[in-house]
Amino acid sequence: MAPHHLPFYLAPGSGTDTLMVIMGVFLIGTVLWVGTLYWKLHSLPERMAHKSQKLQFEFVAVLGLISLFTHMHIFWIAGLLIALIDIPDFGTPLRSIADSVEKIADATPEDAAMSTDSGSAPSTAETPPSTDKPGPAKEKEHSHV
């Protein structure tokens, strides 16, 4: 009963709906593409912090997970801002200072330790004669008197 000059997108009476199949495939493809785009956008702060090897990577990752599960976008924004900010590294200079102080403490002369062992003055056979040249620890000392 239908005329023979119907457009391609109209389903014939006994066949499959071609337009519906094409739109179904298009819809599934679009949903997968938008989902992938969402996941890439959601992991943007974490990828930024990981790429630059920043200290706050774990903190940014936790904020991303919190924003994912609570659907509160403020956590994602906070993670993005923390990933963008370069927090200064205080650990390296403090570690360097601690290493330097340890080296200075290890460089003390040993003759002071010998004289305090028994309270008596050391004999001349045990200790070498002192020289006027300062040792490596005394060369580094600065007098502010």
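## Around S67

Leaving out neighbours within four places in sequence, S67 is in contact (heavy atoms within 4.5 Å) with H42, M72, F75 and W76. S67 belongs to helix 3, residues 57-70; helices here are DSSP runs of H or I with at least four residues, strands are runs of E with at least two, and both are numbered from the N terminus. With a relative accessible area of 7%, S67 is buried. Buried means under 20% relative accessible area, exposed means over 50%, and partly exposed lies in between, using a 1.4 Å probe and protein chains only.

A word on where this comes from: the model is predicted, with local features needing pLDDT of at least 70 and side-chain atom pairs counting only at pLDDT 80 or more, while totals for chains, interfaces and linings use all residues. Residues are numbered from 1 along each chain as its sequence is written, and side-chain values use heavy atoms, with hydrogens and water left out.

## The overall fold

Let's step back to the whole chain. The protein has seven helices and zero strands, giving the pattern α-α-α-α-α-α-α along the sequence. Of its 145 residues, 12% count as buried. Among contacts with a separation of 6 or more, 49% join residues 24 or more positions apart.

## Helix 1 and its partners

Helix 1 (residues 18-42) packs with helix 3 at an angle of about 140°, and their axes are 11 Å apart. Axes are lines fitted to C-alpha atoms, for helices over the stretch in contact, and angles run from 0 to 180 degrees between N-to-C directions. Helix 1 is therefore oblique to helix 3: angles under 35 degrees count as roughly parallel, over 145 as roughly antiparallel, 65 to 115 as roughly perpendicular, and the rest as oblique. Here Y38, W39 and H42 of helix 1 meet G64, S67 and L68 of helix 3. By class, this contact has three nonpolar, three polar and no charged residues. Ala, Val, Leu, Ile, Met, Phe, Trp, Tyr, Cys and Pro count as nonpolar, Asp, Glu, Lys and Arg as charged, and the others, Gly among them, as polar.

Helix 1 also meets helix 2 (residues 44-51), where the axes come within 4 Å and cross at roughly 45°, so these two helices are oblique to each other. K40, L41 and H42 of helix 1 make this contact with L44, P45 and R47 of helix 2. Its classes are three nonpolar, one polar and two charged residues.

## One aromatic pair

The count of aromatic pairs comes to one. Y38 and W39 form this edge-to-face pair, 5.7 Å centre to centre with 65° between the planes. Rings of Phe, Tyr and Trp (its six-membered ring) pair if their centres lie within 6.5 Å; planes under 30 degrees apart count as stacked, over 60 as edge-to-face and the rest as tilted. Both partners are partly exposed: Y38 has a relative accessible area of 42%, and W39 is at 49%.

## The core and a loop residue

The largest nonpolar core has five residues: A49, V60, L63, I82 and A83. Such a core is a set of buried Ala, Val, Leu, Ile, Met, Phe, Trp, Tyr and Cys residues joined through side-chain atoms within 4.5 Å. Helix 3 and helix 4 (73-84) are the elements that give two or more residues to this core. Beyond residues up to four places away in sequence, L63 touches F75, A78, G79 and I82.

In the loop between helix 3 and helix 4 sits H71. Its phi is near 60°, a positive value in a residue other than glycine. H71 counts as exposed at 61% relative accessibility.
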